[in-house]
Amino acid sequence: MATQSPGIEPALKDLHPADIGDEVEVGDWHYLDVRTPGEFAEARIEGSDNVPLADLGRWAYEIGVAADKKPIALVCRTGRRAREAAKFLAARGIDRLCVLSGGVVAWEEIGLPLLRGKKGMSLERQVRVAAGSLVLCGVALGFLVHPGFFGISGFVGAGLVFAGLSDTCGMAIMLGMMPWNRARSCGLECAE
């Protein structure tokens with residue numbers, strides 16, 4: 001698909017927000033935000049498009065076409081999901097990619113502007129609410145119905161330990177696929 005442009009290394013090169021305005025102009029990049037639609041609506045880089053991490057496969061062709069026109073900086077809250085997106089897209093032959101190092105958190109910390117919208121619930125908060133609710137239900141059901149329900153709490157606790165050790169959260173992946181966390185359109189202009 002996209003060919004390498006001068007000065008851009010394949011897929012996992014970082015674009016540091018502090019470099020924007022010095023050697024790199026904001027308009028030199030197409031910003032693709034891989035957070036959930038709720039997170040994107042809350043705070044985003046002006047002109048960026050939103051394709052949640054769980055939807056990348058569905059929009060890979062359009063992303064490749066956009067990368068042919070302008071290199072893409074992948075954006076998330078801190079850079080972790082953007083790095084996953086870069087690996088996923090690079091495996092599909094899209095190589096004009098960089099990861100916005102530190103994500104919108106770093107972008108905002110150095111004073112670059114963000115468009116603000118309605119406050120939403122981040123995927124991280126959704127995971128905390130879901131995990132806490134499952135633990136609470138498991139304990140309550142264990143005391144009130146049958147001790148076997150304590151297993152729910154144990155299962156969630158083991159999942160959280162695994163997520164912490166592996167930096168992979170199955171609950172976040174599942175929640176990312178829920179309808180309220182999915183893109184209705186990719187927003188990318190694909191016409192020549």
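Tutor: F150 is partly exposed, at a relative accessible area of 32%; on this scale buried means under 20% relative accessible area, exposed over 50%, and partly exposed in between, with a 1.4 Å probe and protein chains only. This is a predicted model, in which local features need pLDDT of at least 70 and side-chain atom pairs count only at pLDDT 80 or more, while totals for chains, interfaces and linings use all residues. Residues are numbered from 1 along each chain as its sequence is written, and side-chain values use heavy atoms, with hydrogens and water left out.

The structure has two aromatic pairs. Rings of Phe, Tyr and Trp (its six-membered ring) pair if their centres lie within 6.5 Å; planes under 30 degrees apart are stacked, over 60 edge-to-face, and the rest tilted. Y31 and W107 make an edge-to-face pair, because their planes stand at 75°, with the ring centres 5.6 Å apart. This pair connects distant parts of the chain, since Y31 belongs to strand β2 (residues 30-33) and W107 to helix α4 (residues 103-109), 76 residues apart. Helices (H or I, at least four residues) and strands (E, at least two) are DSSP runs, numbered from the N terminus. Y31 is buried at 2% relative accessibility, and W107 is buried at 1%. F150 pairs with F143, also edge-to-face, at 5.2 Å between centres and 90° between planes. F143 counts as exposed, at 67% relative accessibility.

Two further rings have a charge over them, meaning that NZ of Lys or CZ of Arg is within 6 Å of the ring centre and within 35 degrees of the ring normal. R92 lies over the face of F88, 3.5 Å from the ring centre. The charged end of R44 is over the ring of F40, at 5.4 Å from its centre.

Now the cores. A nonpolar core is a set of buried Ala, Val, Leu, Ile, Met, Phe, Trp, Tyr and Cys residues joined through side-chain atoms within 4.5 Å. The largest has 18 residues, of which L56, I63, I72, L74 and L89 touch the most other members. Two or more residues come from each of α2 (60-69), β5 (72-75), α3 (80-90) and β6 (97-100), and α3 gives the most, four residues. Y31 is in another core, of 13 residues, lying apart from that one and including L15, C98 and V104. C98 is buried, at a relative accessible area of 2%.
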